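Subject: Structure for your files

Hello,

Here is the structure I said I would pass on. My notes follow below it.

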Amino acid sequence: EVVIPEIRGLKVQDAKKMLKDLKLDYAIDGSGEYVTKVSPIPGYSVKEGSKLNIYVGSSQEYNKDIIK
């Protein structure tokens with residue numbers, strides 16, 4: 001299992017590299033330079049190879065919800 005990292009606020013290219021290194025798949029929705037939302041949210045444990053939904057936008061502002 002892999003814990004979803006905090007990638008919100010990162011540039012899309014940096015987030016993609018981090019997810020690839022963790023062997024997580026992803027689908028990107030929206031356009032822009034920064035990750036604004038991830039589903040499931042950071043902190044969840046998922047199986048290696050799981051697909052995340054990444055939402056991108058033009059600012060580093062994002063919803064800071066996490067799983068504790």
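A residue is called buried here if its relative accessible area is under 20%, exposed if over 50%, and partly exposed in between. Please keep in mind that this is a predicted model.

Helix H1

By that cut-off, the buried residues of H1 are Val12, Ala15 and Leu19. Viewed down the helix axis, these fall within an arc of 60°, so they line one face of H1. What do the buried residues of H1 pack against? Their partners are S2, S3 and S5. On the face turned away from the buried side, H1 carries the exposed residues Gln13, Lys17, Lys20 and Asp21. Just after the helix, lysine 23 takes a positive phi of about 60°.

Salt bridges

Searching the whole structure gives four salt bridges. I describe some of them here.

Aspartate 21, at 52% relative accessibility, counts as exposed because of the same cut-off.

Another salt bridge joins glutamate 33 to lysine 11, at 3.0 Å from N to O. Glutamate 33 is in the loop between strand S2 (25-30) and strand S3 (34-39), and lysine 11 is in the loop between S1 and helix H1 (12-21), so the bridge ties together parts that lie 22 residues apart in sequence. Glutamate 33 is partly exposed, at 41% relative accessibility, and lysine 11 is partly exposed at 33%.

Glutamate 1 and lysine 47 also form a salt bridge, at 3.9 Å from N to O. This pair links distant parts of the chain, 46 residues apart: glutamate 1 belongs to the segment before strand S1 (2-3), and lysine 47 to the loop between strand S4 (45-46) and strand S5 (51-57). Both glutamate 1 and lysine 47 are exposed.

Rings

How many aromatic pairs does a search of the whole structure find? The count is zero.

Regards

Conventions. Residues numbered from 1 in each chain as written. Predicted model: local features only at pLDDT ≥ 70, side-chain atom pairs only at ≥ 80, totals over all residues. Heavy atoms only, no water. Salt bridge = Lys/Arg side-chain N within 4 Å of Asp/Glu carboxyl O. Helix = DSSP H or I, 4+ residues; strand = E, 2+ residues; numbered from the N terminus. Buried < 20%, exposed > 50% of the residue type's maximum accessible area, 1.4 Å probe, protein only. Phe/Tyr/Trp six-rings, centres within 6.5 Å; stacked < 30°, edge-to-face > 60°. Arc of directions from axis to C-beta. Contact = heavy atoms within 4.5 Å.
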